[in-house]
Amino acid sequence: KKRIIMLQKIKSTRKSKFKYLLVFPLLAFMLVVVSCANEETKTEEAVETQMVDEVDDVPFAIIEKAPVFPGCEGDSEEELKDCLNQKIIELVQNNFNTDLGKELGLQGIQQIVAMFTIDTSGNITDVRVRGPHEELVKETERVLDQFPKLTPGEQRGKKVGVTYTLPIRFEVSS
């Protein structure tokens, strides 16, 4: 009975035997990749550090020495960053025409996101604004044009452009 069963079994083809041979090199490759992953991480960190040295624009969140708004004083870098944020918020609150939302027939909370660069001269450049209505975008650009000249930011002792993201939220009531 066992012989009859053995005769009826389908023999393994060369192709299926070859699959088993592929498993061993694949396992060896995986072991090499895993062991080298730590070295790659160190190399990537070195490349990122080098790239930060070469990049002209640095995000505000990671800048070493933030741009300084006129009238801002502080002993620490954190105080200067907070002052810059506060002065930008005050400038927007005092100059942004929130009644424009009502005139346009908008309702509820309106959100506008402005991204700009404070260049190596301290000027606002590369302004990009997204908003729910074109008139609100124009109003945001108008307010950003009123920014005074700032003291430029520095990264590793070198003047660099600093990218800043400014969210503007206001509610239009009926």
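Tutor: A salt bridge is counted when a side-chain nitrogen of Lys or Arg lies within 4 Å of a carboxyl oxygen of Asp or Glu. The model before us is predicted. By that rule it holds 5 salt bridges. One of them joins R142 to E139, with the closest N and O atoms 2.5 Å apart.

Student: Where do R142 and E139 lie?

Tutor: Both belong to helix 5, where 3 residues, about one turn of the helix, separate them. With regard to accessibility, a residue is buried under 20% relative accessible area, exposed over 50%, and partly exposed in between. E139, at 9%, is therefore buried, whereas R142, at 35%, is partly exposed.

Student: Which salt bridge ties together parts that are 92 residues apart in sequence?

Tutor: The side chains of E64 and R156 meet in a salt bridge with an N to O distance of 3.7 Å. E64 lies in the loop between strand 1 (57–59) and helix 3, and R156 lies in the loop between strand 4 and strand 5, so this pair ties together those separated parts of the sequence. E64 is partly exposed at 40% relative accessibility, and R156 is partly exposed at 45%.

Student: What else should be noted about the backbone of R156?

Tutor: Most residues other than glycine have a negative phi. R156 is not a glycine, yet its phi is positive, at about 55 degrees. D126 is a further case: its phi is near 50 degrees, a positive value in a residue other than glycine.

Student: Where is D126 placed, and with which residue does D126 form a salt bridge?

Tutor: D126 is part of strand 3 (residues 124–130). Its salt-bridge partner is R128, and the closest N and O atoms of the two are 2.5 Å apart. D126 has a relative accessible area of 45% and is thus partly exposed; R128, with 37%, is also partly exposed.

Student: Let us turn to aromatic side chains. How many aromatic pairs are found in the whole structure?

Tutor: Two rings form a pair if their centres lie within 6.5 Å, and an angle over 60 degrees between the planes makes the pair edge-to-face. A search of the whole structure finds 3 such aromatic pairs. In one of these, F116 and F147 have ring centres 5.7 Å apart and planes at 70 degrees, so the pair is edge-to-face. The pair links distant parts of the chain, since F116 sits in strand 2 (residues 108–118) and F147 in the loop between helix 5 (134–144) and strand 4 (153–155), 31 residues apart.

Student: Are F116 and F147 buried or exposed?

Tutor: F116 has 1% relative accessibility and counts as buried. F147 is buried as well, with a relative accessible area of 9%.

Student: Which residues form the negative surface patch?

Tutor: D75, E78, E79 and D82 form the negative patch. Of these, E79 has its place in helix 3 (residues 77–95). At 40% relative accessibility, E79 counts as partly exposed.

Student: How many helices and strands does the protein have, and in what order do they run?

Tutor: The protein has 5 helices and 5 strands. From the N terminus on, the elements run α-α-β-α-α-β-β-α-β-β. As for burial, 27% of the 174 residues count as buried. Among these buried residues are F116, F147 and E139.

Terms used: Residues are numbered from 1 along each chain as its sequence is written. This is a predicted model: local features need pLDDT of at least 70, side-chain atom pairs count only at pLDDT 80 or more; totals for chains, interfaces and linings use all residues. Side-chain values use heavy atoms; hydrogens and water are left out. Rings of Phe, Tyr and Trp (its six-membered ring) pair if their centres lie within 6.5 Å; planes under 30 degrees apart count as stacked, over 60 as edge-to-face and the rest as tilted. Helices (H or I, at least four residues) and strands (E, at least two) are DSSP runs, numbered from the N terminus. Buried means under 20% relative accessible area, exposed over 50%, partly exposed in between (1.4 Å probe, protein chains only). Patches are made of residues with over 30% relative accessible area and no salt bridge: like charges are joined within 9 Å, nonpolar side chains (Val, Leu, Ile, Met, Phe, Trp, Tyr) within 5 Å. Accessible areas come from the Shrake-Rupley method with a 1.4 Å probe; for residues, only the protein chains shown count as cover. Lys and Arg count as positive and Asp and Glu as negative; His and the chain ends are not counted. The place of a charge is taken as NZ of Lys, CZ of Arg, CG of Asp or CD of Glu.
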